[in-house]
Amino acid sequence: MRWQLSEEQDAYRETLAGWLADVAPPDVVRRWLDAGDSLSFADRFAGDGWSGVGLPESIGGQGGGLVELALTSELLAHACAPSATWLATVVTASALAAAPAALAVGQGVGNVAAALTGDPLALLSPADDIPGEGPRLAPGAEGRLRGTVRRVLAGGVATRFIAVVDEPDGAAALRLVSAEGVRVVARHLLDRSRSVADVVVDDEASESLDVDASAFLAECAARAAVLTAADTLGAMAKMLDMTVAYSKQRQQFGVPIGSFQAVKHAAATILVEVEAARSAVYYAAASVDAAAPQSDLHAAAVKAQVTAAGSRVADSALTLHGAIGYTWEHDLQLFYKRAKLNESLYGRPAAWNERIASALVLA
Amino acid sequence: MDLADAPDEARFRQELRTWLEKRLPELPWPEPADLTEKLAFWRAWQAMLHEAGYAGLTWPREYGGQGLDERMRAIFGEECDLAGAPERLNTIGEDFAGPTIAHFGSEEQKQRYLRPILTGEEIWCQLFSEPDAGSDLASLRTKATKVEGGWRIQGQKIWTSRAQMAAAAILLARTGGGPRHKGITYFLLPMDSDGVTVRPLQHMLGEAEFNEVFLDDVFLPDEAVVGEVDGGWKVAMGTLSFERVAIATGRVNTTKAVDDLITDIRGMTDSSSRPVGADPQVRQKVADLWARAFVHRTISQRVISGASGPPGPVASIGKLYFCPLVEDLADFRLSLEPLAGQFDLDDTSEEAERSRRWLRLANQARGTAIAGGSTFIQRNIVAERILGMPRS
Ligand SMILES: Cc1cc2nc3c(=O)[nH]c(=O)nc-3n(C[C@H](O)[C@H](O)[C@H](O)COP(=O)(O)OP(=O)(O)OC[C@H]3O[C@@H](n4cnc5c(N)ncnc54)[C@H](O)[C@@H]3O)c2cc1C
């Protein structure tokens, strides 16, 4: 076993970080977020060829896997780039590619490929539920769907949705719905770098997606867990950078506040959270990709542990900034809100812990 | 990120597993609780390891080691835990005195001291702390005075783990007139030297785990110095970083401990005969501990994978992540016992016997958090050396 990024992964990380520094510096990101504009970034991201990274070549991606997606997620959060569209799309696309039936059936593959050419795809499921645990739609005659799904991640920007419907026998099935006929009601999140919308499907036509639904949803869950944890890793690392820099520059009692031991210990505690998260997130990403034993539990563990840590780190970083960190004007609030949302996104730590407990067959 | 065993790792693991299956049952089980009897038991085991080529895995071949890398040592630790091998008694010798001698020692010191650590003949202890020099180790006052052919040592050490059975010690003493860490020299001391007196100290549970050691005009030859005279601080920092890596990567196998906890819970029912594992609070807590043990495992693997270079930030944070995890783990297991396991070591009830191991672990975790640089000192180090925050 070797815990180490490959040379290509290191190089990818560096190139993407450089690109983000150019394209999404803090003032530009501020402008996008204030205007509620997620498309400018999404277009540029896709236009410059980043959206295929981490998806297999067989479906039109550029290769790589969940480790590459985790690195992307981490860096997008570090820049606080608007990334709901990217996240919703790669969770579903990479899960489709991983669910075995998808490769055997042309339709799944084709849809993923289309997603890569710029069509955002989203799972029609509440953003606060573990994928697969949300409510299902009831299928009507001839595959027509009806129902409302609230708080769908990227629900306002996706052009197609994968809906989870109840089969007559109680099993889950997947159906593809175009966004054209549905009504979306945008919701407003504290974290403006991600978006959710209520999606109202009123007697819409849908096509069946011939993919093993439970395998697909399990893949979605594991990938969503790892990528949300990776996002928190990036947000925490950024808050640590900001806090340490501020503590060296801000003077009180005639000395930098970073020389006070209470401040140092709080910062050291954040570093422990960041490096523990880094150790576990990359590992879990590789584990899910390799379908290693207990990989679903590794994903659950990082979702529960890292996103909870991110929430603590956000509060500690705020404390260490004093009043300036409490303002709208200071950028800390962007990362604070991003980390807080991640704790609830795709299921809270308690829900993921319950999964772990069940798998360990406690009772 | 390569999760599977490499071919050489898989081969090593398989051979070791087979060997453990065959040889472990040959020991005169059960492992005694009394330290003196435990020592004999452990020696038999260490001799078996040495004979089979499993001692000193990462040490150079010319001094009796196996010349393998840290990966194999990690696998060795995992497999020993899985198979239920005896407790390690010579961690100071194997994990920090030995590597320090191998790294900083003279050829003669390596020839003299390394092999008996591997055979189990010589246990080591660490004579660093003093009554007035704890966290502030550089304020130590034990004095070494230059005499013909060597040094005369005068002073007192404290909290010396295993001194009562140690054959040799790593010792810090003040030699120079220089300020604080500039005038310290690192010595190797045979514990049977004239003028060495060991007096046991009991820890909170009443066991004599550590000692006071009095050094009264003890003679040490010039050859006992490791590194430069007055240059011992650098060597001591080397020892402490070996110690940190050892604590970060494997003092307690948290994965194994959580697995044992889960096995216990599966068999437990509450006073109304309901399975304890059905209690939502228990489920949350166990999942949290399982997940933290997973995170700890990935930190260890990261430390091991980067172990060819100097111990990086992860080794420093390892101890800070690890200590509270072991405390929580042991405390939670105890909380499932009547009176939360608050029974003294001499209570002979079945319920006290059952939880004794966890009581010891809970206590030991507190000690580990203090030893080798307390939690606060570790945070100072992380903040100042890694984050570059200004000194107070
Ligand atoms: C189980 C056990 C085994 C040990 N084995 C050995 C051994 O084999 N050999 C050996 O040499 N030593 C050994 N020690 C000693 C150990 O290294 C010291 O206890 C440790 O360095 C702390 O020193 P102290 O106990 O004097 O506490 P002190 O240094 O007096 O510290 C008391 C409290 O003050 C805090 N403090 C002190 N300085 C600072 C600071 N600058 N900033 C913030 N907080 C501070 C500490 O964190 C602690 O909370 C052992 C200790 C234990 C508990």
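Buried area is the accessible area, taken with a 1.4 Å probe, that two parts lose on being put together, summed over both. Between chain A and chain B of this predicted model, that area is about 4400 Å², and carbon and sulfur atoms give 65% of it. Residues are numbered from 1 along each chain as its sequence is written, and chains are lettered from A and ligands numbered from 1 in the order in which they are written. In this predicted model, local features need pLDDT of at least 70, side-chain atom pairs count only at pLDDT 80 or more, and totals for chains, interfaces and linings use all residues, while side-chain values use heavy atoms, with hydrogens and water left out.

**Interface of chain A and chain B**

- Chain A brings 49 residues to the contact and chain B brings 47 residues, where contact means heavy atoms within 4.5 Å.
- On the chain A side, A:Met1, A:Lys264 and A:Leu362 lose the most area to chain B, and together they make up 18% of what that side buries.
- Three salt bridges are found across this interface; a salt bridge is a side-chain nitrogen of Lys or Arg within 4 Å of a carboxyl oxygen of Asp or Glu.
- A salt bridge links B:Arg283 to A:Glu354, with the closest N and O atoms 2.8 Å apart.
- The elements giving two or more residues to the chain A side are helix 8 (213-249), helix 9 (261-289), helix 10 (295-321) and helix 12 (349-359) of chain A. Helices (H or I, at least four residues) and strands (E, at least two) are DSSP runs, numbered from the N terminus.
- Helix 9 of chain A provides the largest share of that side, 19 residues.
- By class, the chain A side has 29 nonpolar, 14 polar and six charged residues. Ala, Val, Leu, Ile, Met, Phe, Trp, Tyr, Cys and Pro count as nonpolar, Asp, Glu, Lys and Arg as charged, and the others, Gly among them, as polar.

**Domains of chain A**

- Chain A is divided into domain 1 (7-116), domain 2 (121-211) and domain 3 (215-362); domain bounds come from an automatic or database domain assignment.
- The C-alpha centres of domain 1 and domain 2 of chain A lie 21 Å apart.
- In domain 1 of chain A, 25 residues are in contact with 18 residues of domain 2 of chain A.
- These two domains of chain A bury about 1700 Å² between them, with carbon and sulfur atoms giving 65%.
- Zero salt bridges are counted between domain 1 and domain 2 of chain A, and three residue pairs are in polar contact.
- Helix 5 (84-98) of chain A is one of the helices that supply at least two residues of the domain 1 side, and helix 5 of chain A gives the most to that side, with eight residues.
- The residues of that side divide into 16 nonpolar, eight polar and one charged.

**A sheet in chain A**

- Four strands of chain A form an open sheet in the order 2-3-7-6, with antiparallel pairing; two strands pair if DSSP finds at least two bridges between them.
- Strand 2 (138-139) and strand 6 (183-186) of chain A are the edge strands, each pairing on one side only.
- Strand 3 (residues 145-153) and strand 7 (residues 196-204) of chain A run antiparallel and are joined by seven bridges.
- The bridge partner of A:Leu153 in strand 7 of chain A is A:Val196.

**Domains of chain B**

- The assignment for chain B gives domain 1 (7-89), domain 2 (124-229) and domain 3 (250-386).
- The centres of domain 1 and domain 2 of chain B, taken over C-alpha atoms, are separated by 30 Å.
- Five residues of domain 1 of chain B are in contact with four residues of domain 2 of chain B.
- The area buried between these two domains of chain B is about 380 Å², and carbon and sulfur atoms give 60% of it.
- B:Leu35, B:Leu39 and B:Leu89 lose the most area on the domain 1 side, together 83% of what that side buries.
- One salt bridge is found across this interface; B:Glu87 forms a salt bridge with B:Arg162, with the closest N and O atoms 3.9 Å apart.

**Backbone features of chain B**

- Most residues other than glycine have a negative phi, and most peptide bonds are trans.
- A cis peptide bond, with omega of about 0 degrees, joins B:Trp29 and B:Pro30; B:Pro30 is in the loop between helix 1 (7-23) and helix 2 (35-52) of chain B.
- B:Arg180 is not a glycine, yet has a positive phi of about 40 degrees; B:Arg180 is found in the loop between strand 4 (168-174) and strand 5 (184-190) of chain B.

Notes
Polar contact = N/O pair within 3.5 Å; in protein donor to acceptor, adjacent residues only side chain to side chain.
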